[in-house]
Amino acid sequence: MNDINIKADRKLDIRGVVCPYTLVKSKLAVEDLELGQVLEIILDYPEAADSIPKAMLNYGNSVLKVEKISPKEWIILVRKEVED
Amino acid sequence: MEFTEEQLKRYSRHIILSEVGGKGQKKISAAKVLMVGAGGLGCPVGYYLAAAGVGTIAIVDNDEVELSNLQRQIAHSVKTLGMKKADSAKQTFEALNPDVNVVAIKERINSKNILDLIRDYDIIVDGTDNFPTRYLINDACVMLGKPLVTGAILRFEGQVTTILPGDGPCYRCLFEEPPPAGLVPSCQEAGVLGVLPGVIGALQATEVLKLIIGKGKPLKGELLIYDALGVNFRKVKIPKNSECPVCGKEPTIKELSDMPEQYCEI
C-alpha cells in the first residue's frame with residue numbers, strides 16, 4: 001500500500017458521523033466518482049475504519065490505504081473500480 | 001434530487017445495497033406506480049412501496065372499508081370502517097412515509113376510464129378480485145405498453161406474474177378468456193387465509209421495486225404459484241402465444257370492453 005503517488009480526486013469528511021451513516025455517505029460519494037477516481041475518506045468512528053474498507057471491497061472497489069492519523073482519526077483511500 | 005439527512009436515515013438500508021444505492025433510491029423516488037385495488041393485495045403492496053419511498057402511488061378503488069376486510073387488509077382499521085378504501089389506505093401510507101404522494105382515485109375501473117387512469121404511470125399493479133377486471137387491466141397494459149405485476153389469491157394458494165408487453169407473454173397468452181362466471185369460486189364463497197395476500201402482495205411489491213431499479217430478473221414468462229399448506233413455491237412457464245387475441249401478431253381485441261362482472265371481495 002504505497003501511497004506516495006496517490007492523489008485523491010475527492011475528499012469526504014465524515015468525522016462525527018456514526019454507523020451506518022458512515023457507509024451511506026461513503027457509498028454515495030463513491031457513486032459520484034468516475035471509474036478510476038480516488039476518494040479520500042476521513043472518519044473518527046472506530047468501527048467504520050474496519051467496516052468501510054470491507055464494504056468497499058465487497059462493492060468491487062479497491063482500498064488503497066487505511067491509515068490511523070491520530071488516536072481517533074483514520075484516512076481511507078478508495079478507488080472506484082465498478083459502475084453502480 | 002439530493003437526499004435530506006432524514007432521507008439518508010430512512011433509506012440507509014437501501015442506499016448501502018450495491019444494487020440499489022443512491023441512484024436506485026432516486027429512481028424509486030421518481031417512480032409512479034398505480035395499483036388497482038386497495039384490498040388484500042393492494043394493502044401490502046402499497047404499504048411496502050410507500051415504505052420504500054416510491055414517489056407517487058395511485059390507488060384505484062371505489063369500495064368502503066368493512067369489518068370483514070380487516071382479517072387481511074392491513075392498511076385499514078376499525079377507525080376507517082365505512083371510509084373509502086382509497087382514502088383509508090392513503091392515510092396509512094402517508095403516515096408511514098410523508099415523502100410519498102398518494103393519489104386516491106375513488107372510481108371503479110372500467111373500459112372507459114382505464115386508459116386515462118393508467119397512462120401517466122410507469123408500472124401497474126393488479127390487486128383486483130375478479131376476472132373481468134383482471135383481463136381489462138391486462139388488455140389496457142398491453143395496448144399502452146405498461147409493465148404489469150399481477151397477483152391473485154384464493155384459500156391457501158396465490159399466484160404472481162410480471163407482464164412486460166412486447167417482451168414476453170401476457171395474461172391472455174396463459175388463459176385466452178376468463179373462466180365462465182361461477183366456475184372459479186370467489187373468496188366470499190371459498191375463503192382465504194388472511195396472511196396469504198401478505199405473501200403474494202410482498203412478492204408483487206418486490207417485482208415492482210426490481211423493475212424500478214432495473215436489477216435482477218423480472219418474473220416474466222412464468223407464473224409463480226405459492227401453496228401455503230404444502231409450503232411450496234413452484235414456477236410454471238407461460239409460453240407466449242403468437243395467436244394471442246391481444247398481444248399476438250394479429251390481435252383481434254383492439255378496443256376495450258367491459259365483461260359482465262362477477263364479484264369477489266378479496
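This note goes through a predicted model with chains A and B, starting with the build of chain A and ending at the contact between the chains.

1. **Overall build of chain A.** Chain A holds two helices and four strands. Read from the N terminus, its elements follow the order β-α-β-α-β-β. Its C-alpha atoms fill a box of roughly 30 × 30 × 20 Å along the principal axes. Chain A has 84 residues, and a compact globule of that length would have a radius of gyration near 12 Å; the value for chain A is 12 Å, so the two agree.

2. **The sheet of chain A.** The four strands make an open sheet. Their order across the sheet is 1-2-4-3, and the pairing is mixed. Which strands stand at the edges? They are strand 1 (10-13) and strand 3 (62-70) of chain A. Each has a single partner strand, so one side of each lacks a neighbour in the sheet. From one strand to the next, the twist averages 15 degrees.

3. **Strands 3 and 4 of chain A.** For a point to find on the model, take Val66(A): it stands opposite Ile76(A) in strand 4 of chain A.

4. **Helix 2 of chain A against the sheet.** Helix 2 (residues 46-59) of chain A lies across strand 2 (38-43), strand 3 and strand 4 of chain A. Helix 2 of chain A runs at about 170 degrees to strand 3 of chain A.

5. **The helix pair of chain A.** Helix 1 (residues 21-31) of chain A packs with helix 2 of chain A at an angle of about 40 degrees. Their axes are 10 Å apart. Is this arrangement parallel or oblique? That angle makes helix 1 of chain A oblique to helix 2 of chain A. The crossing of these two helices is right-handed.

6. **Residues between the helices.** Helix 1 of chain A brings Thr22(A), Leu23(A) and Ser26(A) to the contact. They meet Ala48(A), Ser51(A), Ile52(A) and Ala55(A) in helix 2 of chain A. By type, the residues of this contact divide into four nonpolar, three polar and no charged.

7. **Strands 6 and 7 of chain B.** Turn now to chain B. Strand 6 (residues 157-163) of chain B pairs with strand 7 (residues 222-227) of chain B. This pairing is antiparallel, over four bridges. Within it, Gln159(B) has Ile225(B) in strand 7 of chain B as its bridge partner.

8. **The hairpin of chain B.** Strand 7 of chain B also pairs with strand 8 (residues 232-237) of chain B, in the antiparallel sense over six bridges. Tyr226(B) has Phe233(B) in strand 8 of chain B as its bridge partner. Strands 7 and 8 of chain B form a hairpin, with four residues between them. In the turn, Val231(B) has a positive phi of about 50 degrees.

9. **Where the chains meet.** How many residues of chain B are in contact with chain A? Eight are, and they touch nine residues of chain A. On the side of chain B that touches chain A, helix 2 (12-15) and helix 3 (21-30) of chain B each supply at least two residues. Helix 3 of chain B gives the most, with three residues. By type, the chain B side divides into three nonpolar, four polar and one charged.

Notes
Residues are numbered from 1 along each chain as its sequence is written. Chains are lettered from A and ligands numbered from 1 in the order in which they are written. This is a predicted model: local features need pLDDT of at least 70, side-chain atom pairs count only at pLDDT 80 or more; totals for chains, interfaces and linings use all residues. Two residues are in contact if their C-beta atoms, placed from the backbone, lie within 7 Å. Ala, Val, Leu, Ile, Met, Phe, Trp, Tyr, Cys and Pro count as nonpolar, Asp, Glu, Lys and Arg as charged, and the others, Gly among them, as polar. Two strands pair if DSSP finds at least two bridges between them. Axes are lines fitted to C-alpha atoms, for helices over the stretch in contact, and angles run from 0 to 180 degrees between N-to-C directions. Angles under 35 degrees count as roughly parallel, over 145 as roughly antiparallel, 65 to 115 as roughly perpendicular and the rest as oblique. A crossing is left-handed if the near helix is turned anticlockwise from the far one by less than a right angle, and right-handed if clockwise. The radius of gyration is taken over C-alpha atoms; the globule rule is 2.2 Å times the number of residues to the power 0.38.
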